[in-house]
Amino acid sequence: MQLILYSKPGCHLCEGLQEKLEQITSISFNLEIRDITTREDWFAAYQYEIPVLFLSNHRDTEELQPIPRLSPRANVRQLEQLLLKYIPNT
């Protein structure tokens with residue numbers, strides 16, 4: 001299972017979400033951080049939306065399922081509960 005976080009350097013909301021994701025131990029997933037400043041298409045798509053989190057179940061394709069954004073004030077447990085709704089077979 002892979003989660004993809006679209007982020008950019010210096011984004012405090014992005015850093016906060018990444019820290020919370022790294023604290024989750026009850027769900028097995030790989031976290032890929034994509035810096036939107038490294039590609040024009042990512043920057044155009046997400047410059048006003050970051051942090052953006054996607055679930056990828058397919059390693060061979062770029063089929064991504066968006067995961068709704070939680071409040072930046074949400075705690076790790078709330079983030080974990082949200083992920084459990086979207087990650088199959090956990």
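Glu80 is buried, at a relative accessible area of 11% (buried is under 20%, with a 1.4 Å probe and protein chains only). The model is predicted, so local features need pLDDT of at least 70 and side-chain atom pairs pLDDT 80 or more, whereas totals for chains, interfaces and linings use all residues. Residues are numbered from 1 along each chain as its sequence is written, and side-chain values use heavy atoms, without hydrogens and water.

Glu80 is part of helix H3 (helices are DSSP runs of H or I with at least four residues, strands runs of E with at least two, numbered from the N terminus). Its side chain forms a polar contact of 2.4 Å with that of Arg77 (a pair of N or O atoms within 3.5 Å, one able to donate a hydrogen and the other to accept it; residues adjacent in sequence count only if both atoms are side-chain atoms). Beyond four places in sequence, Glu80 touches Ile24, Ser26 and Ile27 (contact is heavy atoms within 4.5 Å).

The largest nonpolar core has 14 residues, and Leu3, Leu21 and Phe29 are among those with the most contacts inside it (a core is a set of buried Ala, Val, Leu, Ile, Met, Phe, Trp, Tyr and Cys residues joined through side-chain atoms within 4.5 Å). Strand E1 (2–7), helix H1 (12–23), E3 and helix H3 (76–86) each give two or more residues to this core; the largest share, 3 residues, is from H3. Apart from this core lies another of 10 residues, including Tyr6 and Ile50.

The peptide bond from Ile50 to Pro51 is cis, with omega near 0°. Pro51 sits in the loop between helix H2 (40–46) and strand E3 (52–56).

Methods: Buried means under 20% relative accessible area, exposed over 50%, partly exposed in between (1.4 Å probe, protein chains only).
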